[in-house]
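Subject: The structure we talked about

Hi there,

Here is the structure I promised to pass on. Have a look at it first, and then read on for what turned up in it.

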Amino acid sequence: MKLKKYIAASMIALAGLTACSDSFLDTDYTEYLDEEAAGEAAGKNPDVFLNGMWSWMVTFGQTSTSHDDFGYMGSLHATDMMGQDICMAASHWFNFDYQLDNRMEAYRRTKCHWVNFYTMIAKANEIISLYPEGGETVSQKGLLGQAYAIRGLSYMHLIQLYQFTINESGNINTDAPGVPLIYVDADGKTEEEIASAKGRNTVGVVFAQIEADLLKAVENLESGYERPSKNYIDASVANGFLARYYLLSQQWEKAATAAAKARANYTIMDSSSSGLYDGFVTVNNVEWMWGFAHTTETQTTYASFFSMISNIAPGYAGMGYAPRLIDAKLYSQIPEEDGRKKWFNGPEGDKNQPTAAAQLPYANIKFGHVSDWTDNYMYMRAAEMVLIEAEAYAHLNQGSKAAEVLKVLMNKRQPSWNKATVTVEDVYLQRRIELWGEGFSFYDLKRLNKGIDRSYEGNNHLAGYDIKVDAHDVRWIYQIPLSEIQENKLINAEAVSYTHLRAHETSQD
């Protein structure tokens with residue numbers, strides 16, 4: 001089997017903490033293994049390549065030393081703060097995101113997103129390049145499948161961050177300019193195709209690549225691959241990515257099918273101490289499908305997701321710098337008999353909680369803490385798949401089928417729930433409650449053409465951040481980083497055509 005020579009030596013290190021080159025889209029590194037060494041490394045321990053991927057996704061300081069830059073979960077939290085449902089009790093890290101004021105081309109946040117996801121793509125491409133003719137063994141197919149899954153996932157995030165994938169009429173924004181696609185020889189493209197794809201491909205073209213990558217991921221991972229732990233991606237997770245994509249691309253029947261397949265071998269957790277109230281800190285939870293089990297060597301203490309989200313952890317939220325609260329209106333929509341209401345304090349607060357932050361009115365206590373900061377990161381769980389399946393049926397006007405599916409989740413959350421039919425809005429409310437703080441709100445708002453209104457009477461949002469932002473407001477799109485515009489001849493100021501008003505923007509580093 002012919003192996004690609006262009007395998008970065010840094011990829012072989014278990015730490016895997018490689019940075020991008022000066023051009024974020026440049027995946028031709030100056031140091032590489034020869035064909036024999038690459039094959040030997042892959043043959044002896046293919047996991048070494050994946051370890052570099054997982055390490056990168058939890059790396060602190062990918063683009064700076066700022067504590068709001070901690071990899072994949074940092075990106076998810078930044079976008080979550082732009083929605084309706086999380087309130088900050090004080091201004092601190094992520095305050096510009098909370099104000100929807102962190103999107104401009106020279107700002108750090110857009111660079112964080114860009115570097116995070118394009119490095120994930122570069123690392124996936126290094127694996128794909130190992131087997132230009134496809135994997136032969138189950139191990140090789142498992143490695144390839146995970147690479148295609150990560151590449152598809154990364155493009156799925158990027159296209160939603162940098163464009164409206166849905167137009168104002170609610171249809172796919174097929175011809176809108178999107179993001180670069182980074183191919184390697186193993187993709188079967190010509191040199192001209194590889195070069196030209198580094199420009200702004202349309203939403204339609206990017207969508208097609210996402211689907212192709214995820215279908216290849218499923219095909220390879222269904223070849224018999226069994227992952228060693230939930231740090232890795234298996235066929236169920238790849239089907240979960242497909243379900244997310246089909247929901248985004250409005251292919252409702254495919255979304256329902258993929259979601260059902262993804263969750264088939266998982267159990268929805270109940271309200272026991274090891275389930276709904278375990279603090280969302282361990283991949284051992286029966287419902288978790290994919291995550292990252294931190295160790296004392298990988299945890300990043302204050303520059304971490306739990307530092308920002310958990311009012312119980314001794315991080316920025318828990319120490320009172322910026323406690324995270326639930327939106328008061330959303331809280332009021334959770335029935336008293338719903339077990340998830342216990343994830344949050346009511347308007348009176350709770351003096352029995354262990355920290356001052358966790359005692360505040362509307363404080364979230366959904367996320368807990370492990371004493372050595374080895375709280376596990378959750379990337380996917382089965383409840384999301386139930387919600388995708390239910391929403392897909394609701395979009396198909398099969399309200400009774402949607403209710404039947406949703407009941408799988410609600411039986412474990414609110415046993416008295418017994419609706420005969422549900423709408424898309426009914427499912428969306430359950431998404432907001434169930435997935436609170438897990439990184440979905442921005443993406444849901446954009447794909448469903450929704451804005452936010454934190455300015456309602458009695459709101460509990462921080463003064464100055466109690467804003468109203470309509471759907472398709474320019475603040476929902478990130479500008480491509482200035483450094484990429486300067487370095488990529490196919491993406492320049494003219495190609496980007498920045499005509500956006502800057503009235504909402506404030507200066508920052």
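Arg431 counts as buried because its relative accessibility is 4%, and the cut-off for buried is under 20%. This is a predicted model, by the way, so please keep that in mind for everything below. You will find Arg431 in helix H15, which covers residues 424-434. What does the side chain of Arg431 make a polar contact with? Its partner is the side chain of Asp444, at 2.8 Å. Asp444 is also among the residues that Arg431 touches when those up to four places away in sequence are left out.

Arg200 sits in the loop between helix H7 (191-196) and helix H8 (203-221). Which backbone oxygens does the side chain of Arg200 reach? One belongs to Pro177, at 3.3 Å, and another to Gly178, at 2.9 Å. Val179 comes next: its C-alpha atom is 4.7 Å from that of Arg200, although 21 residues separate the two along the chain.

Now to the aromatic rings. The count comes to 30 aromatic pairs. One of them is formed by Phe70 and Phe94, an edge-to-face pair with 6.0 Å from centre to centre and 75° between the planes. This pair links distant parts of the chain, 24 residues apart. Phe70 lies in the loop between helix H2 (47-57) and helix H3 (72-80), while Phe94 lies in the loop between strand S1 (86-88) and helix H4 (95-98). Both Phe70 and Phe94 are buried.

Phe280 and Phe367 make another pair, this one tilted, with 5.7 Å between the centres and 55° between the planes. Here, too, distant parts of the chain are linked, with the two residues 87 positions apart. Phe280 is in the loop between helix H10 (252-263) and strand S2 (288-292), and Phe367 is in the loop between helix H12 (328-332) and strand S4 (377-381).

On the surface, Tyr302, Met319 and Tyr321 form a nonpolar patch with about 300 Å² of accessible area together. Tyr321 is found in the loop between helix H11 (305-309) and strand S3 (324-326). With a relative accessibility of 43%, Tyr321 counts as partly exposed.

Finally, here is the chain as a whole. Its secondary structure comes to 18 helices and six strands. Of its 509 residues, 61% count as buried. Among contacts with a separation of 6 or more, 71% are between residues 24 or more positions apart. The chain exposes about 18900 Å², and carbon and sulfur atoms supply 49% of that area.

Happy exploring, and write back whenever you like!

Best wishes

Technical notes:
Residues are numbered from 1 along each chain as its sequence is written. This is a predicted model: local features need pLDDT of at least 70, side-chain atom pairs count only at pLDDT 80 or more; totals for chains, interfaces and linings use all residues. Side-chain values use heavy atoms; hydrogens and water are left out. Helices (H or I, at least four residues) and strands (E, at least two) are DSSP runs, numbered from the N terminus. Buried means under 20% relative accessible area, exposed over 50%, partly exposed in between (1.4 Å probe, protein chains only). A polar contact is a pair of N or O atoms within 3.5 Å; within protein, one must be able to donate a hydrogen and the other to accept it, and residues adjacent in sequence count only if both atoms are side-chain atoms. Contact means heavy atoms within 4.5 Å. Patches are made of residues with over 30% relative accessible area and no salt bridge: like charges are joined within 9 Å, nonpolar side chains (Val, Leu, Ile, Met, Phe, Trp, Tyr) within 5 Å. Accessible areas come from the Shrake-Rupley method with a 1.4 Å probe; for residues, only the protein chains shown count as cover. A salt bridge is a side-chain nitrogen of Lys or Arg within 4 Å of a carboxyl oxygen of Asp or Glu. Rings of Phe, Tyr and Trp (its six-membered ring) pair if their centres lie within 6.5 Å; planes under 30 degrees apart count as stacked, over 60 as edge-to-face and the rest as tilted.
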